Amino acid sequence: MRKTSLDTVHELARRDPRVVFVGSDLGVGTLDAMKREMPERFFMEGVAEQNIIGVAAGLAMEGFIPYVNTIATFLTRRCYEQVAVDLCLHKLPVRLLASGGGMVYAPLGPTHLAVEDMAIMRALPNMTVAAASDAPEMKRLMLQSLDWPGPMYIRFGKGGDAVISNDQEGYAIGKALLKRAPGEVLLIATGIATTQALKAAEALEQEGISCGVLHMHTVKPLDVEALATLLPRVKLAVTVEEHTLMGGLGSAVLEAVADGGIAAPAIKRLGIPDAFVKDYGSQEHLLASFGLDAAGIAQAVRSGLEGRR
Amino acid sequence: MTKTAKESLSPLDSRSRQLRQLVIKALEGGGRGHLGSSLSLIEMVRVLYDDVMSHRPADPRWEGRDRFILSKGHGCLALYAILADKGYFPEAELTRFCRAGTYLGGHPEAGKVPGVEASTGALGHGLPIGVGMALGLRIKQSANRVFVAMGDGEINEGSVWEAAMCAGKHKLAHLTALVDYNKIQSYGFTTEVQPLEPLADKWRAFGFAVTEVDGHDVAALRQALAKPDAEGRPGVVICHTVKGRGIPFAENDPNWHHKSKIAPAEIAAMYAALETV
């Protein structure tokens, strides 16, 4: 997903002279081809996230469209005021490309996990928050990002994530994708959590539980219309996110239901509880430990349906 | 040895007094404001807008303008005074400073106030943005310059030094920082809160061409700001200033960094005091 995203920055830069790249201190060889081809629009500025965001703001004020890449947690926590004031207050078209969203960096511990990134980005006016499910979808998102107004936060998965998207389904920022038509249950997921939600839905189907999957790849602006259409049709909705339960997708769905007067069924939220992640291992291991893998999601659906069928 | 403003309080000329009158007018309108922090800046903005920068008050977004960012946004009364004087907006708006419905807030906002390039107020944001602008202008092959005015307390922020490193690396000769070195930050004297010396050496170490001037000496400022560094380094002009300059009872007094609930009698005293300097 990261490689696709960065390669697309280069592609966009070829196409549009306004596109520039700003990185911190990324891996050796990152975007070498772009650096060779257009060195004047390639900036690698060191471990200084506050400065990088300010520089991106200044470039955007001069009419450029900066794509900024570094590790998600440093791109959100470290320079939050710069993101809020320099980017959001000025409503500048800066794209934050966040490597290792969620628990991708599981072996590296809590300093490197970005599990409240969507919550704190979502809280900022003018910010768009998106999390693609796989590399091809990342490509579609990146192509659309060029002319999207205002700042964007784009969360990456690990790389090599299973491909669940296809060309035919289309893609529009802010428009959720119905991956599976709802039956009794609707799973609402974002990012790579949608992959697990689809697996869970398939398993549940075998048990006679018909389960839809809504891929909410854009967490802000949230596709409230899709929720208003689909939620009244089901007995149970379950939100799934690789993110803290405070302020992410699940919160956004509950807010939309409450504020929009949507006739919603019971809603269950799956995510990371309000505590720092304590364990290491792999992303898969951590997802399973929080019940965010297919088995955990299926179990949550079964228990959620008890007494409702 | 650098002559500091404190040691040489030369009289203010009529232009400098007139701009300070506009500051007091806004202060009167709002009943509050960062008086001390604004008065130390007056000659800097005066020289930039009168003598140094290319700009068009009738066309604030003119592509060929030089850019000025007031990074110490709390000094906005000085910026509002010069912008009103130049005709970016009517002087009458100054009397509505900080009031409901005005566009002249206690910190300047881009997109609201004609002539304001960047919304500031949170400290340490202006220099990184200025670096980005200068890089952008370089890509566009523009010869326009970018000026960023910062406070001495403000440069406690680490982001300033991140940006300084970056400006030095890119040899941004068209970027000029100004430090309003009035020696007083919010809590008190910089020597006690967070000493900055050796300040010129710090900037030099980051790759800047450093000039030190009496920040109220109009001729010295003109000379220091006239041209980018011939050797291609970003510039910094360390302006030794007097906080509250022009109102003797407010000069060098940390209590005048910011004042609220300013009484009409105090305003009258300010106008009167201004005539004595």
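1. Start with Lys140(B) and Glu62(A): their side chains form a salt bridge, 2.7 Å from N to O. The term means a side-chain nitrogen of Lys or Arg within 4 Å of a carboxyl oxygen of Asp or Glu. Three salt bridges are found across the interface of chain A and chain B.

2. A word on the basis: this is a predicted model, where local features need pLDDT of at least 70 and side-chain atom pairs count only at pLDDT 80 or more, while totals for chains, interfaces and linings use all residues. Residues are numbered from 1 along each chain as its sequence is written, chains are lettered from A and ligands numbered from 1 in the order in which they are written, and side-chain values use heavy atoms, without hydrogens and water.

3. Now the whole interface: 24 residues of chain A are in contact (heavy atoms within 4.5 Å) with 27 residues of chain B. The two chains bury about 1900 Å² between them, 60% of it on carbon and sulfur atoms. Buried area is the accessible area (1.4 Å probe) that two parts lose on being put together, summed over both.

4. Met103(A), Met118(A) and Arg122(A) supply 31% of the area on the domain 1 side. Arg122(A) also forms a salt bridge with Glu255(A), at 3.0 Å between the closest N and O atoms.
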